[in-house]
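Subject: Structure handover

Dear colleague,

Please find below the structure I promised to pass on to you. After it come my notes on what was found, with the cut-offs given alongside.

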Amino acid sequence: MAGLSATQSDTLGRILMLEPAFHGFYTTFQRIERKNCFISPLRYGGLGRILGRLWGADFLRRERSGMGVIAVFNQKGGVGKTTTCLNLAAAWVRAGANPLLLDLDPQSHLSLASGVVALPGAGMAAFFQHQTPLLRLLERTRSGWDLIPATADLSKIDALKGGDPKAATLLSRGMNAVVRERSPILMDCCPNLGVLTLNALLAADYVLIPVAADYLSLQGVYRIESALDVLEKRLKRAYPRRIVVTRFNPRRRLAFEVDRQLRERYGEDVCKTRIAENVALATSPSVGQDVFRYAPHSGGASDYAALAKELSEAGFLRAVRK
């Protein structure tokens, strides 16, 4: 299927330039355009042409084999993205699933919390820089699932790959070899909209948005909503999503107010399960364990078991598109 026309591409470029949620991604490409002569330095059409080739690409309609790919994302840090990836995987392993975790954050917190320390240039960096097949990058964790770890080298990907028209589809294409053997695939995204996060969103069947029960976290949800709206319009596909309230403290009135505002605005897209503040959730990563191994009878373990069950019943373990 062909990409967009030049006029449509220019229009897309304008939309992305003006869309606050994608401003960081747009300026990355704009900077690349100024530095590389092989991309013409247009005011806004260049990015549109690059992304225009992606919107009509065949991978967006490829058939998947029954698994779900979940991007865990929030543009605000400290909301429990890594904790949610770690403990959802553990809960699903206990239920008999075979998850795969991808650490797409250069901070490598998911890798460290899983007890995996990768060599420089290994893991997801090797995939993005050298197209090393994902199956060759798997690390088995002590908790019983496979992980492809992150390293600090991932922070270079925007600069290295920003000018490549195919950069945003690398992960989606690379997953073809692993999707039939793993279910689900959980991606711990970095808290910004760059090449790494766009890769995750284009590869994802679902988006899971952890939101800490505080005011600033609400702003992150609103920005994600804008970003997903742009993608849905351009890709002509829906992004089923769930918002999960994390770090919920029942002794704080603000926690209930944030929860109320989310449910009023997003309705059934907000998970019924809330993840309460819990000492075990905070301390288990320091010893490289999930909460089920560290404190199986804790409130944190109970909350994540309930969340895993709720998401399973909502279909998050199944693919949603062809």
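**Charged pairs, pocket and surface**

Lysine 309 is exposed, with a relative accessible area of 53%, where buried means under 20% relative accessible area, exposed over 50% and partly exposed in between (1.4 Å probe, protein chains only). This is a predicted model, in which local features need pLDDT of at least 70 and side-chain atom pairs count only at pLDDT 80 or more, while totals for chains, interfaces and linings use all residues. Residues are numbered from 1 along each chain as its sequence is written, and side-chain values use heavy atoms, with hydrogens and water left out.

The side chain of lysine 309 meets that of glutamate 313 in a salt bridge, at 2.6 Å from N to O; a salt bridge is taken as a side-chain nitrogen of Lys or Arg within 4 Å of a carboxyl oxygen of Asp or Glu. Because the two residues are four apart in helix H14 (residues 299–313), about one helical turn separates them (helices are DSSP runs of H or I with at least four residues, strands are runs of E with at least two, and both are numbered from the N terminus). Glutamate 313 is also exposed, at 59% relative accessible area.

The structure holds 12 salt bridges. One of them joins arginine 274 to aspartate 259, with 3.3 Å from N to O. Arginine 274 lies in the loop between helix H11 (253–266) and H12, whereas aspartate 259 belongs to helix H11, so this pair ties together parts that are 15 residues apart in sequence. Aspartate 259 is buried, at 7% relative accessibility, and arginine 274 is partly exposed, at 29%. In another salt bridge, glutamate 232 pairs with arginine 241, the closest N and O atoms being 2.6 Å apart, and arginine 241 is buried, with a relative accessible area of 14%. Glu257, Arg260 and Glu264 are linked in a network of salt bridges.

The largest pocket holds about 530 Å³ of space, a volume being the space filled by probe spheres set on grid points that are joined across faces, edges and corners. A pocket here is an open set of points, on a 1 Å grid over the protein atoms alone, where a 1.4 Å probe fits and which has protein on both sides within 12 Å along at least five of seven lines; lining residues have an atom within 4 Å of a point. Of the 26 residues lining the largest pocket, Gly78, Gly80, Lys81, Thr82 and Thr83 are the closest to its centre. Helix H4 (81–94), H5 and helix H12 (279–283) each supply at least two residues of this lining, and H4 gives the most, with four.

Most residues other than glycine have a negative phi. Serine 108, in the loop between strand E2 (100–104) and helix H5 (109–113), has a positive phi of about 65°, and serine 108 is buried, at 10% relative accessibility. Glutamine 131, in the loop between helix H6 (124–130) and strand E3 (139–140), has a positive phi near 55°, and glutamine 131 is partly exposed, at 42%.

Finally, serine 183 lies in the loop between helix H8 (170–174) and strand E5 (185–189), and the C-alpha atom of serine 183 is separated by 8.0 Å from that of arginine 318, 135 residues apart along the chain.

With best wishes
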